[in-house]
Amino acid sequence: MRFKRECVSWILCTFLILSVSTVFGAPSPEPDITPSYEGMRIETDYGMNTNTYNIIFKSSPEDRGMQVSVGNSNLQFKPDSLNTLERTSPSFNPYFTDSEQVTYYDVFGKGIDMEYQMLPNKVKEKIIIDEKNSIPSLSSSTVSIDFTLIYSEDTDIYVEGKKWMGNEITTNKDIPFKLKTKQGIIYQDPTVFLIEAPTIEDNTGKIEPLVYRLTKEKEKIKLSLEIPYKLLNEAQYPIEIDPTVKIGGDENYFKWQNLNNCSTNTNACEDIFEEPDYIQFKTQPFCWGSAYEGVSKPLFRFNVSHLNWKTAHHATLHYYGSCVGEEYMPSGYNIQLFRVNSFTETPDCSNNADVNTSSSLVTLMYEDTCSEQGSQTLDITDIFQDALNGDEYLAFKTDIAPELPQDEQPGQNDHDYYYGINKGGTQLFIEYAINCTSSTGNCFADEFCNITYMCEGDLDYGDPCENVTADNDDEEACPHDYEECVLDEYDGIGYFCDEEDKCVHDSTIYNEGDKHCYNTTAYKQCTSGTFGNIIECDPGYVCNDPSGCQQGNPDLVAKNANIIFFRIR
């Protein structure tokens with residue numbers, strides 16, 4: 001028995017199924033179809049591109065599983081093994097079962113399938129076990145399914161609110177992947193991916209929570225899904241085990257709500273506005289009696305409280321927008337972006353969530369034109385500075401202008417209008433810089449005031465540091481646990497951030513005792529935090545980094561030595 005697989009209809013997302021001659025592979029025109037399996041076997045790389053994320057299923061067995069990407073961030077989720085009394089490696093048997101679903105049949109033996117269903121804001125991954133006898137060598141011990149996680153360097157894993165440091169840890173909670181903190185950036189939501197808390201569901205609809213175990217072995221990150229024997233033994237089969245990967249993080253950032261988490265859409269004649277994949281604008285202009293002019297007003301906001309009472313040098317809003325739906329408006333109407341200055345606090349949603357907005361910042365969608373399509377930037381320096389004068393949030397909404405009439409009955413000339421702003425990560429953020437007047441004025445402890453009078457993150461060890469600060473106190477730019485901007489003592493050219501008890505030359509840090517060739521037959525040695533005098537090799541010896549003088553052919557050794565004959569600055 002297999003679970004029925006149904007195609008999920010997407011209203012707002014468009015698939016781009018590309019040929020193998022471009023980026024992703026497409027199903028073979030003459031697939032080899034096994035009678036007992038549904039769909040077409042994937043013989044080449046297969047990928048999809050949606051409004052929210054890209055996903056690819058590789059055709060090579062070693063890359064089994066899926067890789068999902070948002071912007072420059074990516075996560076690869078690869079099944080490794082099913083572990084009972086014995087270890088069962090996965091087979092590679094992927095089938096394209098419909099436009100939104102890929103299934104690996106019999107991935108851990110007959111009757112154990114792995115199904116990937118592409119939804120607007122998540123990749124729902126289901127492990128389907130037809131019957132208890134399908135599990136090889138099942139005993140009274142806990143069963144685990146292991147996955148390898150490969151993710152981009154711009155993200156960190158968090159477990160129960162804390163950054164994961166590589167230690168072995170278990171959790172029954174969601175596991176988010178968050179963008180690393182970056183100087184001068186406020187992410188609307190730093191969560192790019194989220195592996196949802198695992199569950200198991202049997203044929204009666206009974207759902208039980210499971211546990212993840214996260215480990216690091218050498219450089220390999222392993223996520224183990226642990227399933228107690230008792231659950232497998234007592235379940236009514238078939239069963240589904242669900243380790244879903246969600247795109248983005250907390251949806252509360254993107255709902256139409258006031259500060260009491262109260263939705264602004266209260267009229268039944270309006271459609272469901274809160275699509276989960278991105279911030280949606282939608283209106284039915286002639287919906288009689290609508291509390292909000294027939295308009296849903298997507299609200300998104302940035303926490304700026306940590307910058308209160310500082311002076312902004314500049315600020316830019318980065319967003320990714322798209323027009324979908326019917327893509328035209330009534331004559332004379334536009335969709336615009338506004339700043340929200342204040343909010344109501346009415347729990348029953350009797351008033352609009354936003355009660356005071358600024359003038360329009362930009363027109364996103366004219367009556368017949370989508371003007372702000374794709375990646376966009378908007379200078380928000382003035383309103384950013386205003387928010388720094390004591391506000392907790394800098395908030396925005398999309399709205400229609402002018403207000404729509406409400407004197408028509410529902411059903412007359414109704415149209416849907418959408419303007420979407422992609423949520424989360426590198427698709428929605430504020431880039432900013434803070435003004436400063438001296439090396440420390442207005443900047444945080446891990447920042448310095450640069451030569452253009454903007455706060456900048458501290459330099460790293462080995463970084464050039466000459467003439468970088470506003471008041472020429474260049475040591476302020478070096479790491480604060482050891483502040484020293486020193487002359488390159490190896491050749492006397494340039495200044496660099498030095499690390500205590502070490503030597504620096506051309507941005508490279510040398511440890512105590514390290515030798516660095518000065519030419520083919522001489523070197524300098526790092527001693528007590530400084531390079532000493534030139535030491536000549538004995539006749540017949542040549543210099544080779546990092547060992548110093550060795551017997552050998554000087555012509556051959558010179559190819560490997562870092563020798564300075566002249567330097568152009």
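Q: What counts as a disulfide here?
A: A disulfide is a pair of cysteine sulfur atoms within 2.5 Å of each other. Before we apply that, note that this is a predicted model, in which local features need pLDDT of at least 70, side-chain atom pairs count only at pLDDT 80 or more, and totals for chains, interfaces and linings use all residues. Residues are numbered from 1 along each chain as its sequence is written, and side-chain values use heavy atoms, with hydrogens and water left out.

Q: How many disulfides does this rule give?
A: The count comes to seven disulfides. Let's walk through some of them.

Q: How far apart are the sulfur atoms of Cys436 and Cys449?
A: They sit 1.9 Å apart, and the two residues form a disulfide. The angle about the S-S bond is 90 degrees, and this link of Cys436 and Cys449 is right-handed.

Q: Where in the chain do Cys436 and Cys449 lie?
A: Strands (E, at least two residues) and helices (H or I, at least four) are DSSP runs, numbered from the N terminus. Cys436 is in the loop between β33 (428-434) and β34 (447-449), while Cys449 belongs to strand β34. The pair links distant parts of the chain, 13 residues apart.

Q: Is Cys436 buried or exposed?
A: Buried means under 20% relative accessible area, exposed means over 50%, and partly exposed is in between (1.4 Å probe, protein chains only). Cys436 counts as buried because its relative accessibility is 5%. Cys449 is also buried, at 0%.

Q: Which handedness does the link of Cys443 and Cys455 have?
A: That link is left-handed, with -95 degrees about the S-S bond. Cys443 lies in the loop between β33 and β34 and Cys455 in strand β35 (residues 455-457), so this pair ties together parts that are twelve residues apart in sequence. The sulfur atoms of Cys443 and Cys455 are 2.1 Å apart. As for burial, Cys443 counts as buried at 14% relative accessibility, and Cys455 counts as buried at 9%.

Q: What joins Cys537 to Cys549?
A: A disulfide does, with an S to S distance of 2.0 Å. The link of Cys537 and Cys549 is left-handed, at -85 degrees about the S-S bond. Cys537 is in the loop between β43 (535-536) and β44 (541-544), and Cys549 is in strand β45 (residues 548-551), so the pair ties together parts that are twelve residues apart in sequence.
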